Amino acid sequence: MQYIVMDLEWNTAYSKKLGGFINEIIEIGALALDEQLQETKTFSVIIRSQVSKRLQSRVKSLTHLTNADISHGVTFREAVERFTAWLGDEDNTFLTWGDGDIRTLVKNCACFLELPEIPFLHHYVDLQKYCQSFTDAANSGQQLGLSAAAVKLGIDPDVYPHHRALDDSRLAAACLLCVFDQKRLSQAAHWCDKPFYERLSFHPYYISDINSPLVDADAFRCVCDVCGGKVKKEKNWKYSNHAFRAVFYCQKCDRRFRVSIQYKQLYDRLDVRKTYTEITNAPESIPVKAEKSEA
Ligand SMILES: [Zn+2]
């Protein structure tokens, strides 16, 4: 078994054929690690873009790649063939920093190869999620960028300054080395089966219909969050800004507060957030208490 740490560079371009924007892959970089995490080989290829010949200035300044570099690249098909040959027959676990690269690869395989899945991907770990779970940002809800995570893990990201696909793979591999735990890593790994692709293409959405069967009526029965006593509803539930909102008055505390309840449907769970906001005469109200629960 080998670990493959992979990173992609891509350029966002408008495709007339697709009638929308696509992140077109312009470079694949990867390195292979054996089970003791020793680097065994590296891979790097530049891809000739088909949708747009011009790189975005953001991409140029980040990667130092030029339009000329890209024009000398190989086709996406050839890059995938070379990469597959480089991978060899050994079983592998792929690791990328966040699943953005995998989403992009799925779209590029669909667009340029007419393949519904990534042909060489069988076993996958989101390295960003995995590494972040070892840091103090584990439950923060924010997603650490590669450099920020490296700093938290005690690595100097400036040792890997170039932001080319192989350099970023090296930095990601260095992060993995800091927090390698075979058991936790295998728990974080997914088989790239049908549900894996369904999850990748799922777009989370907010529930805006108060009569939806997913909405729990009990959540809308509110008490005062200070005294726990009965409250009077002054303004009925209204949906705005992705949440149901209503205003309540507690006679005992002589205070008014707004309750917001947000239902966000994720692929495999419903995320429910209930927030109480004090209503004062001050121009801006600040949230005083937030509860988060998962159903
Ligand atoms: Zn009260």
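This is a predicted model: local features need pLDDT of at least 70, side-chain atom pairs count only at pLDDT 80 or more; totals for chains, interfaces and linings use all residues.

Residues are numbered from 1 along each chain as its sequence is written, and side-chain values use heavy atoms, with hydrogens and water left out.

**The two domains.** Colour residues 2–201 as domain 1 and 206–294 as domain 2; these bounds come from an automatic or database domain assignment. Taken over C-alpha atoms, the domain centres are 40 Å apart.

The ring rule gives a count of 22 aromatic pairs. Show Tyr3 and Phe180: their ring centres are 6.0 Å apart and their planes at 80 degrees, so this pair is edge-to-face. It links distant parts of the chain, 177 residues apart: Tyr3 belongs to strand S1 (residues 2–15), and Phe180 to the loop between helix H7 (165–178) and helix H8 (182–188). Helices (H or I, at least four residues) and strands (E, at least two) are DSSP runs, numbered from the N terminus.

Is Tyr3 buried or exposed? Tyr3 is buried, at 4% relative accessible area, while Phe180 is partly exposed at 27%. Buried means under 20% relative accessible area, exposed over 50%, and partly exposed in between (1.4 Å probe, protein chains only).

**Two crossing helices.** Next, select H4 (residues 100–113) and H9 (residues 194–201), whose axes come within 10 Å and cross at roughly 100 degrees. Axes are lines fitted to C-alpha atoms, for helices over the stretch in contact, and angles run from 0 to 180 degrees between N-to-C directions. That makes H4 roughly perpendicular to H9, a label for angles of 65 to 115 degrees. Show the side chains of Ile102, Arg103 and Val106 in H4, which meet Phe196, Tyr197 and Leu200 in H9; contact means heavy atoms within 4.5 Å.

**A last stop.** Finish at Gln132 in helix H5 (residues 127–132), which is buried at 6% relative accessibility. Leaving aside neighbours within four places in sequence, Gln132 touches Ala137, Ala138, Ser140, Gln142, Gln143 and Leu144.

Technical notes:
Angles under 35 degrees count as roughly parallel, over 145 as roughly antiparallel, 65 to 115 as roughly perpendicular and the rest as oblique. Rings of Phe, Tyr and Trp (its six-membered ring) pair if their centres lie within 6.5 Å; planes under 30 degrees apart count as stacked, over 60 as edge-to-face and the rest as tilted.
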